[in-house]
Amino acid sequence: MTPIAGYEKLSDAERRLFIKAHQKHLSSLKSNERDQYGLGNVIEVKSNPQQAAIDVRFLNGEQRQFTAKGTWY
């Protein structure tokens with residue numbers, strides 16, 4: 001799997017937030033949608049401390065923001 005750009009710059013707490021919210025996000029999707037948003041399709045993550053979130057960019061061009069509350073938009 002290709003490394004996710006920016007992941008190494010996240011703190012341990014931000015990494016846990018990303019993994020938890022990502023898993024929750026995947027579990028909410030239909031099986032045919034999950035392929036587009038799996039870890040192999042995450043190309044970049046960035047810390048967003050102002051929003052207490054992680055900004056996530058996917059291979060399909062979509063962007064999501066995973067929040068500390070375990071939500072995304």
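Predicted model: local features only at pLDDT ≥ 70, side-chain atom pairs only at ≥ 80, totals over all residues.
Which residue in the turn between β2 and β3 has a positive phi?

β1 covers residues 42-48 and β2 covers residues 53-58. The two run antiparallel, with six bridges joining them. If you'd like to trace the pairing yourself, find E44, whose bridge partner in β2 is R57. Then look at S47, which stands opposite I54 in β2. Four residues sit between β1 and β2 in their hairpin, and in that turn A52 has a positive phi of about 50 degrees.

Now on to β3, which spans residues 63-67. β2 pairs with β3 as well, again in the antiparallel sense, over five bridges. Here D55 stands opposite Q65. And now back to my opening question: β2 and β3 form a hairpin with four residues between them, and the turn residue with a positive phi, about 95 degrees, is G61.

Next, the core. The largest nonpolar core has 14 residues. Among those with the most contacts inside it are F18, V42, V56 and F66. Which elements give two or more residues to this core? They are α1, β1 and β2, and α1, with four residues, provides the largest share. As a general point, nonpolar side chains in soluble globular proteins tend to be buried together.

Setting aside residues up to four places away in sequence, V56 touches F18, V42, V45 and F66, along with E44, E62, Q63 and R64.

Let me finish with a residue I enjoy looking at, Q65 in strand β3. Is Q65 buried or exposed? Its relative accessible area is 10%, which is under the 20% cut-off, so Q65 counts as buried. And what does the side chain of Q65 make polar contacts with? One partner is the side chain of D55, at 2.8 Å, and another is the side chain of Y73, at 2.4 Å. Leaving out neighbours within four places in sequence, the residues in contact with Q65 also include N48, Q51, A53, I54, T71 and W72. For a sense of distance, take R15, 50 residues from Q65 along the chain: their C-alpha atoms are separated by 14 Å.

Terms used. Residues numbered from 1 in each chain as written. Heavy atoms only, no water. Core = buried A, V, L, I, M, F, W, Y, C linked by side-chain atoms within 4.5 Å. Buried < 20%, exposed > 50% of the residue type's maximum accessible area, 1.4 Å probe, protein only. Contact = heavy atoms within 4.5 Å. Pairing = 2+ DSSP bridges. Polar contact = N/O pair within 3.5 Å; in protein donor to acceptor, adjacent residues only side chain to side chain.
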